[in-house]
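Colleague: Can you walk me through this one? I would like to start with the sheet and then move to the cores.

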Amino acid sequence: MGQMIIRLLTALAVAFLLGPAGAQEDPFFTVDGLNTGLAAPPQGVDRRTPRTSLDSFLTAAEADDWATAAHMLDLRDIPEADQPRNGPVLARKLHSILERKAILEWGTLQQRPDALQVIGGRQQAQAGEPRRSLLIRDLDLSPVPATIRLNRIKPAEDAAPVWIFPQETVADIDALYREYGPSPWEARLPPWLLNHGPWNLMWWELIGLPFLLGSAAGLGWTVHRGLDRARRGASRELVRGLLQAIRWPALIFAVTLFVSQITNRIFVFSGEIDTVISPLIAVGYVTATLMLVMGAMDAVLDNTLSPADDIDLIDSQSEEARTTATKLNAVKRILSVLIFLIGAGIVFSTADVFRGLGLSMLASAGALTLIVGFAARSILGNILASLQIALNQSARVGDRVEWKGYLCYVERINLTYIQLRDWDDTRVVVPVEEFVSETFVNWSMADPKMLKILKFKLTPETDLDALRDAFRDILARVKDDAEIGGILGDVDEGELNVTGQDVFGIDVWFSVPCRSPNTSWTAACTVREELVRAMRDLAEETGRPVFPTADAAEAA
């Protein structure tokens, strides 16, 4: 009874794994005869499974036994009389194509006649199903892409099915060989350079790859220097901006084009190298295009829509220009993000990028999202913060802000950082996310006028009324001064207030009305200097000290 239950459970498990395909026993393509123009296959040829068939093909190729390798090709489209002559030639060409353009994934080539994929769940495509056709490689070919496959074919009623390269693949061999086979330059190389060395690479590849990389680097340096010289010699600002924008895209495009032409036209590298170079070429073209579009867009917007060069954005009268510059910055940031996402989509949607680099497992959206999100969380946070600050206008280009003790102008709002210019013309570079997460004071927001507070410690005997009159006279005199005029606001708003006292004296605050935060520092320094002079004169007139005296220990 126990054995019957075990058998029943086993049968149910097999049925669950195979599903509806379980009824498809031993699938194959039925044909009328196979390679009738060739002699019988040699004794060592095993075509029963995909793996043994491909292994027999590669073993014959390594021995230069192309007549044997031809038995792994479906030559039915070739007249019988021509099969002994054309079959070995086609086999040699196919081996060259596989060697140069394919990395064989032996895990997909099962050691089973039905090629059933036993690993994988029900949601995995074709898991648990017998197969009669297996894809080896997709290759670009004009006008229609070509595929290299292995098909299971039953040539006669009483013959066992065999795995061979089908008619469709054989029909494309000549065209694929012209596209991906050895170039005329390679044919002129000495025979010893065509022999295989370490890592199954030919000696000319081991020698030529470093030379190719060095030549590409030299070409990139030449292009960059040439465009930099042209930029410095340009007379118009728009031309200089465009040349600045295309320097790096032109460098990447030139290097990518050079490598592409060398590897596709002059020397065709083996599959081990090609599977790395081909995706990088695709990424290079996309990157150069995106950088060119973004750089040109920035140059055009900066020189056509941005405020004129003669407009000082830090001037209190340039309110509208600051708003325009900040909105323009937001538009550039949004366009940059959109262009980046489009380019990333183009790159990631290219299956060859993942398959060529051996990263097919990363092609799943979930894994890719987790990896990219974790690695770029700081960058993405800064980008979103940059868009936030550019859209809500909490800090505009040209605004006067106080951030962590720095009294600065907002000079530039970039995609990931804000560039602040301090009062001494030093630049403070702050990640946007850090800037918006801290409280900052925007002196240019709304009404630009402000009060600057000057704090003094004076003796209780100081004549405050006389000092108040002197302060008002100073404000009126500074406001009327032609050299520094225009830095003070309404002088009637100037006040003297006693805000506290202690054993050392009283705290006296002078409120200096400033017209603009951009000139408030100059106004405060000018008034402070005049106040110190007035206090000294007041002490001489009254004979009473204005500033308290204390030794260093007490002052500390």
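**The sheet and the cores**

Modeller: This is a predicted model. In it, 5 strands make an open sheet, ordered β8-β7-β6-β5-β9, with antiparallel pairing.

Colleague: Which strands stand at the edges?

Modeller: β8 (427-431) and β9 (441-442) do. Each has a single partner strand, so one side of each has no neighbour in the sheet.

Colleague: How many bridges join β7 to β8?

Modeller: Strand β7 (residues 417-422) is joined to β8 by 5 bridges, and the two run antiparallel. Y417 stands opposite P431 in β8.

Colleague: What holds strands together in general?

Modeller: Strands of a sheet pair through backbone hydrogen bonds, either parallel or antiparallel.

Colleague: New topic. Which residues touch the most other members of the largest nonpolar core?

Modeller: That core has 36 residues, and the ones touching the most other members are F57, L73, L94, L98, I148, F165 and L176. Elements giving two or more residues to this core include α4 (83-101), β3 (146-154) and α5 (167-180).

Colleague: What does L98 touch, leaving out residues up to four places away in sequence?

Modeller: L98 touches F57, I136, I148 and F165. Another core, of 27 residues, lies apart from the largest one; F456, L496, A523 and L531 are among its residues.

Colleague: Last one: where is D64, and is D64 buried or exposed?

Modeller: D64 is in the loop between α2 (50-62) and α3 (66-69). D64 counts as exposed because its relative accessible area is 55%, and the cut-off for exposed is over 50%. D64 and P88 are 24 residues apart in sequence, and their C-alpha atoms are 9.7 Å apart in space.

Key. Residues are numbered from 1 along each chain as its sequence is written. This is a predicted model: local features need pLDDT of at least 70, side-chain atom pairs count only at pLDDT 80 or more; totals for chains, interfaces and linings use all residues. Side-chain values use heavy atoms; hydrogens and water are left out. Helices (H or I, at least four residues) and strands (E, at least two) are DSSP runs, numbered from the N terminus. Buried means under 20% relative accessible area, exposed over 50%, partly exposed in between (1.4 Å probe, protein chains only). Two strands pair if DSSP finds at least two bridges between them. A nonpolar core is a set of buried Ala, Val, Leu, Ile, Met, Phe, Trp, Tyr and Cys residues joined through side-chain atoms within 4.5 Å. Contact means heavy atoms within 4.5 Å.
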